[in-house]
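The sequence and structure are shown below.

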Amino acid sequence: GQVAYSIAEETERGVSVGNIAKDLGIDAATLSARKFRMITGSSKQYFNINASTGALSVNEPIDREQLCELKSACLLNYELVLENPLELYRMEFKVLDINDNSPSFPLSEYHINVPEFLSPGARFTLPSAQDLDEGTNSVQNYTLSPDEHFHLEMQTRGDGSKYPELVLKKALDREQQATHRLILTAKDGGDPPKSGDVPVIVTVLDTNDNAPEFEHSVYRASILENSPSGTLVVQVHATDLDEGPNGEVRYSFSNTTSADLQRMFLIHPHTGEVTVNGVLAVQRPLLEMLIEARDNGAFGMSSTAKLLVEITDVNNHGPEITITSLSSPIPEDALPGTVIALLSILDKDPGENGKVTCQIPDNLPFQLKPSLENYYSLVTSGLLDRELISEYNITITATDLGSPPITTQKTLWVQISDVNDNPPVFTDDTFDVFVEENNPLGAFLYQVSASDPDVGENGRVTYMLRNSTVAGSPLANFLSVSLANGSIYAKRAFDFEQLTSFYFQVEAKDNGSPALSAAITVNVYISDQNDNAPAILYPTSQNGSLAVEVVPRLADEDYLVTKVVADDEDNAQNAWLSYHLAHSSDSTLFRMSPHSGELRTTRSMRSTDFLKHKVVVVVRDHGDPPLSSTVTVGILLADTLPQALPDFDDNGEPPPLLNATNIYLIVSLACVSFIFATFLLFLAIVRL
């Protein structure tokens, strides 16, 4: 996950540094598809990656001295982020120094006052040159232009740093030569080497022959970085063996001390106290200054000491949380361990104050996993269910280890996207629908409804009839269902006498991929209507003639003449039948049982009764409104079945039997019968 490169500063734009795809083992062809990007804390983008080949090249020349100032090692850190899947690689570029800076002196000219009575061997501090390059490319040695009175020697301070000194090798004579003009040259160790010159003007004086001397060549002090203005850093002290004004010492910062440091600190000219002046806005933990002690003689002499100030860090920076990559929304079926976000957490404080712990609430199905240095991955730790929780506000809390600790929080809004993991749900498994027969075409029967907690197309439900048959015919011949709302309609009129009930299934299906479905069973019960009149099964007429029943001439009372049998195809009370006499040729002779349909005599027959009768029987159901049927029955009073049935007139009353002719015939028949009986009686007597 990490690769390091070295590159010389000032390398021209377009020069190849390496191949990041090859070095990290990544397929270069996938860089664009995986949305690669380089992340750095630098304000400039110094490098480019070719999306096709993975070649890493210089985008902008690097000035090491501008980028890293006085740091011994100049490093640029980049992060390469790839998605699908999310991966992070660290790239480290070490910027190598080249000898592109010449040594330089802070001032354009230096003046040294030398009393003429000084003996050979007297020493005078010369200015030190500065070179922004590092290592062997920095200042390595000094040379002095030839002069018979002076030569150059290098001295070493207590911390090991070297500086040039001007040494008097021959006594001076101000009257012969009052001024000596020397050239001090500083050279670095580059290839080729570079140099810088500064004139050194030596003025020969004839007073004040002792320079102040510090108690220590190097002073060390330590202060807190948040020390307020006026805080005492250190007090330096130098002594001058001269007396009077020549022995009075004044303190100041050497001209070689940077202007920034001279603004941060103040030195009291008389006491030598160094105090803080303003805010210590530095990034380096160790500051180096040169302090000059100069006497007040007419020809002031001076010496320098080094002051090293260590800035002790305080916990004054909170952790900084940066979201490098965030995948939102995430599907609810994401597996545990799926990377959601990549974040970096940095604290500018050094040491323990810059170490950070990071956490999120425990009651969330997520967890933070450390990645590379200062990086964390936010991954899923459990199963997600959008129908229960559709979004999460994840608060990331970063706390450093300082005292007191500083805490920073950042909230991530993660949305959960829907997947089709819920089928439609009906409130019941079955439902009963009651419909009256003879319904109109297109009549609304019932509306089924299913709910789906998914959203969008995954939650949009459509309805359809499952294939089945009813009474041997396809279900589609009987019913239709609305695709959108589940309303069920009749496509034909139902007939209770043919079909009393049936069932079918309605399927609810969502529009997810793959689609999920559920079904409900609907039981249809057809209610009867009184649409059928009673059908008389007995007695029946044939060829348009009346049904005739023969009754003995002298039948007794309550004699069963006939029983009317009828049937009604309707159901329940619509099929409950009752029997009534609508008409009778003799209302006193016959009666009808309303429940059984039996036609009986109300009294015994008489000889005077008519031989032919006609009754009209009405059979009526109990529907609303009731329907009825009638049957006309002819009744013949005879002891034997005649060979030919007589005709019945329309009103059902036969012509009178006891007309004059019939009376004569009866009387004659009676006389003959009497004579015959007498004759038989006579024969019997004679025989006896």
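## Domain layout

The model is predicted. UniProt, in an unreviewed entry, places the feature "domain: Cadherin" at residues 6-105, 106-214, 215-321, 322-426, 427-536 and 561-648. The domain assignment of the protein gives domain 1 (2-95), domain 2 (110-205), domain 3 (213-312), domain 4 (320-417), domain 5 (425-527) and domain 6 (535-637). Between domain 1 and domain 6, the C-alpha centres are separated by 115 Å.

Residues 322-426 are 0% helix and 50% strand, with end C-alpha atoms 48 Å apart. For residues 427-536, the corresponding content is 0% helix and 47% strand, and the end C-alpha atoms lie 49 Å apart.

## A four-stranded open sheet

Four strands form an open sheet in the order β8-β14-β13-β10, and the pairing is mixed. Its edges are β8 (110-115) and β10 (139-144), each of which pairs on one side only. On average, neighbouring strands of this sheet are turned by 25° against each other, direction ignored.

Strand β10 runs antiparallel to β13 (residues 179-188), and five bridges join the two. Within this pairing, N141 has K187 in β13 as its bridge partner.

## Strand β22 and its partners

Strand β22 (residues 286-295) is largely enclosed by the rest of the structure, because seven of its ten residues are buried. It pairs with β19 in the antiparallel sense over five bridges; here the bridge partner of V249 is D295 in β22.

Strand β22 is also joined to β23 (residues 302-312), by nine bridges and again in an antiparallel arrangement. A hairpin of six residues connects β22 to β23, and E292 stands opposite T304 in β23.

T256 lies in the loop between β19 (249-253) and α3 (259-264). Is this residue, T256, buried or exposed? T256 has a relative accessible area of 14% and is therefore buried, the cut-off being under 20%.

Leaving aside residues up to four places away in sequence, T256 touches P106, S128, Q130 and L290. The side chains of T256 and S254 are joined by a polar contact of 3.1 Å. As for P361, this residue is 105 residues from T256 in sequence, and the C-alpha atoms of the two are 55 Å apart in space.

Conventions
Residues numbered from 1 in each chain as written. Predicted model: local features only at pLDDT ≥ 70, side-chain atom pairs only at ≥ 80, totals over all residues. Heavy atoms only, no water. Buried < 20%, exposed > 50% of the residue type's maximum accessible area, 1.4 Å probe, protein only. Contact = heavy atoms within 4.5 Å. Polar contact = N/O pair within 3.5 Å; in protein donor to acceptor, adjacent residues only side chain to side chain. UniProt positions renumbered as here; feature names shortened; annotations may be inferred. Domains from an automatic or database assignment. Pairing = 2+ DSSP bridges. Axes fitted to C-alpha atoms, helices over the stretch in contact; angles between N-to-C directions.
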